[in-house]
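This report is intended to be read beside the sequence and the coordinates.

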Amino acid sequence: MTSYEQDYQQSLKDPEAFWSKAAEGISWSKPWDRVLNSDNPPFYRWFEGAEMNTCYNCLDRHVEEGRGDQNALIYDSPMTGQVVKFTYREFTDIVARFAGALASRGIKKGDRVLIYMPMVPEAAVAMLACARIGAIHSVVFGGFAPKELATRIDDAKPVAIVAASCGLEPGRTIAYKPLIDDAINLSTHKPSSCIVLQRPECAADLSEERDCDWQELVAAAEPAPCVPVAATDPLYILYTSGTTGIPKGVVRDNGGHAVALRWSMKHVYDINPGEVFWAASDVGWVVGHSYIVYAPLLHGCTTILYEGKPVGTPDAGVFWRVIQDHKVKALFTAPTAFRAIRQQDPEGKLIADYDLSQFVTLFLAGERADPDTIIWAQDQLQVPVIDHWWQTETGWAIGANCMGYGMKPVKLGSPTLPVPGYDIRIIDEKDGKTEMARGEIGVIAVKLPLPPSSLPTLWQNDEGFVRSYMADIPGYYKTGDAGYIDEDGYLFIMARTDDIINVAGHRLSTGGMEEVLAGHPDVAESAVMGVQDQLKGQIPVGFVVLNAGVNRPEEEIQKELVALVREKIGPVAAFKIALVVKRLPKTRSGKILRAVMRKIADGEPYNAPATIDDPAILTEITEVLAKAGYPVK
Ligand code: COA
Ligand code: AMP
């Protein structure tokens, strides 16, 4: 195997040679005319002219190559007490039949299908079935409320929704069908089919004409073959938080995605075909798309689909039980899951109850991996703990300790080095072009072209794509993160440069929450920011200024505000604190000083800018936060 340094250099000097070699790992029904079309920057197209099918590469191909009896997917659900294993042969048949069921509802290549499902195997079946017939899926995380669902329905205009009757959270069953019905009532676009998987925990009412039962539809369907699609055709749209309440529809294409994800399994994760890989995430997030479903299957691995939490289902030893029972080689999760486990079992006593001898590496991503958590995990598990950095937009790691080349020394707080394909630069925020010296913080940008799998555009929004990512630093993709590169070339990711926050590894927009608060009749003005939280990394805290003359009890309004965010965005926002203040601190030009307020809440030193309109407001903010229990100084 070549070294990381050789591959990294080659990937930048001659990306076409580098990625066409990686593309040998994928089965193509028609070869490409051009590896990379760079004629129309910042729009780049990988493997133009080629045809393939992602589902074929994930499933049928492995059956043909002799993996038919190997497990493709293991569903392990402490929520229902079930463990179900599907071989590649069985899973291919199930997916082919559901693809036939979709086709029987008239769904065809290019149509969008919105998937709103909990962590059941049928979620992966639905995704792969769409890929099989060339339909474009858009999975929405179960913790989002009907209004968020409606926004996505209106943007993606799906012909069908595929859902389960319910999701299971510890202590409560969430009926999904009423949420979907509400969303369809709210949306302007109306999908013509709603296919519902009935779970025994809660049956859905299927009385609307558009509704149909998953099992009945499948029973009547013929298996559908894989349809060749262009490498540049969209495989899926995944909505992610932007700076406003309107989410961005990240598009993933078929060919480049398959090439990069398959390549990543060996080079980033050091996993071989036949081995067991577990991403403890949710199919509603990008980690779930890439590393529960697509990458492990493209590589002929066994993937684990886990329906449960790191703690409480039933205890903080459940991750070790799953690793032991299914002989997991590598686990990928968010640091918050380990903080939750550590909180419940600080000395890691439960680990001794399990045989983890097959377990080789722990990968963390989704939020900053704090050194405390990394050290704890290393000490307890006695395996390398590898932080890596990536985004919904790329679909795979931008910075990592690429384990397939041999492990580089770990520097705590750093996701290590750029992954081959990513030419990472630190740019001065002030002028948007000067490169910062080593060790100096700036905005993190990637020189174009981005490697395969990275978003070619936003769904039907080329202009938004250019504005959000490409316009500020011409010739570069702006990641939205700030950080620096040290003298050894190691990356350090420090903070977002926009109003996105990371709550328990979930990406959320504070701007979206402010829009909801502003909709309350008693609220004149609001500001939401992410403050530090021991478990979730960050949690949102809202400050509101009430309209003149409002004299209802503050507690009553606070409760309504919390309920409003839950109703409009969903429980995933974890919005629990709304504090009433007389005014918000602002600059003389009217910009709310969110960073200063966040620092006060976090107990960090801050400098009030010279342009602040009234410094006395900061005293009030400090007092309100102190009263609410924040470690203000
Ligand atoms: N459907 C409906 N509701 C959901 C949901 C889903 N799929 N997922 C979460 N929720 C709800 C939760 O029940 C909770 O509701 P509550 O306010 O009534 O308690 C709320 O959304 C917040 O959920 P979460 O942030 O997950 O907090 P939690 O307290 O339930 O669990 C952790 C905390 C740390 C255990 C949990 O966040 C976790 O396992 N994180 C792992 C990280 C991860 O998977 N990240 C994905 C990217 S890699
Ligand atoms: P998402 O698109 O939901 O995957 O969120 C992407 C954002 O999460 C990034 O832009 C970062 O802000 C943050 N993030 C992801 N991984 C890491 C990491 N390893 N270290 C620091 N921040 C991270």
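The sections below describe helices, charged pairs, backbone features and a surface patch in this predicted model.

Helix α5 covers residues 88-104, a total of 17 residues. From its first C-alpha to its last it reaches 24 Å, close to the 24 Å expected at 1.5 Å a residue. Its buried residues include the aromatic side chains of Tyr-88, Phe-91 and Phe-98, and Thr-92, Val-95 and Leu-102 are also among them. After α5 comes Gly-106, which has a positive phi near 85°.

Helix α7 spans residues 146-156, and Pro-146, Glu-148, Leu-149, Ala-150, Arg-152, Ile-153 and Ala-156 are its buried residues. Lys-157 follows α7 and has a positive phi, near 50°.

## Salt bridges

The whole structure contains 37 salt bridges. One of them joins the side chains of Glu-148 and Arg-152, with an N to O distance of 2.8 Å. The two residues are separated by about one helical turn, because they stand four residues apart in helix α7. Both Glu-148 and Arg-152 are buried.

A further salt bridge connects Lys-177 with Asp-211, whose closest N and O atoms are 2.7 Å apart. This pair links distant parts of the chain, since Lys-177 belongs to helix α8 and Asp-211 to strand β12 (residues 211-213), 34 residues apart. Lys-177 and Asp-211 are both buried. They also take part in a network of salt bridges with Asp-181 and Arg-210.

Asp-270 and Lys-266 likewise form a salt bridge, with 2.7 Å between the closest N and O atoms. Asp-270 counts as partly exposed at 26% relative accessibility, and Lys-266 counts as partly exposed at 23%.

## A buried aspartate without a salt bridge

Asp-387 lies in strand β20 (residues 385-387). Asp-387 is buried yet has no salt bridge. The nearest side chain of opposite charge is that of Arg-368, 7.3 Å away, whereas a salt bridge requires the nitrogen and oxygen to be within 4 Å.

Which residues surround Asp-387, leaving aside its neighbours within four places in sequence? Asp-387 is in contact with Leu-364, Ala-369, Ile-374, Ala-400, Asn-401, Ser-414 and Pro-415.

## Backbone features

Two cis peptide bonds may be noted. The bond from Thr-313 to Pro-314 has omega near 5°, and Pro-314 is placed in the loop between β17 (302-306) and α12 (318-326). The bond from Leu-448 to Pro-449 also has omega near 5°; Pro-449 is part of the loop between β25 (442-447) and α15 (462-470).

Lys-327 is not a glycine, yet its phi is positive, at about 55°. Lys-327 sits in the loop between α12 and β18 (330-333) and is partly exposed, with a relative accessible area of 48%. Thr-416, another residue that is not a glycine, has a positive phi of about 80°. Thr-416 occurs in the loop between β22 and β23 and is buried, with a relative accessible area of 3%.

## A nonpolar surface patch

On the surface, Ile-375, Met-407, Val-410 and Leu-412 form a nonpolar patch with about 290 Å² of accessible area together. Met-407 is partly exposed, with a relative accessible area of 42%.

Technical notes. Residues numbered from 1 in each chain as written. Chains lettered and ligands numbered in written order. Predicted model: local features only at pLDDT ≥ 70, side-chain atom pairs only at ≥ 80, totals over all residues. Heavy atoms only, no water. Patch = residues over 30% accessible without salt bridge, like charges linked within 9 Å, V, L, I, M, F, W, Y side chains within 5 Å. Areas by Shrake-Rupley, 256 points an atom, 1.4 Å probe, with all protein chains shown as cover. Buried < 20%, exposed > 50% of the residue type's maximum accessible area, 1.4 Å probe, protein only. Expected span 1.5 Å × (residues − 1). Lys, Arg positive; Asp, Glu negative; His and termini not counted. Contact = heavy atoms within 4.5 Å.
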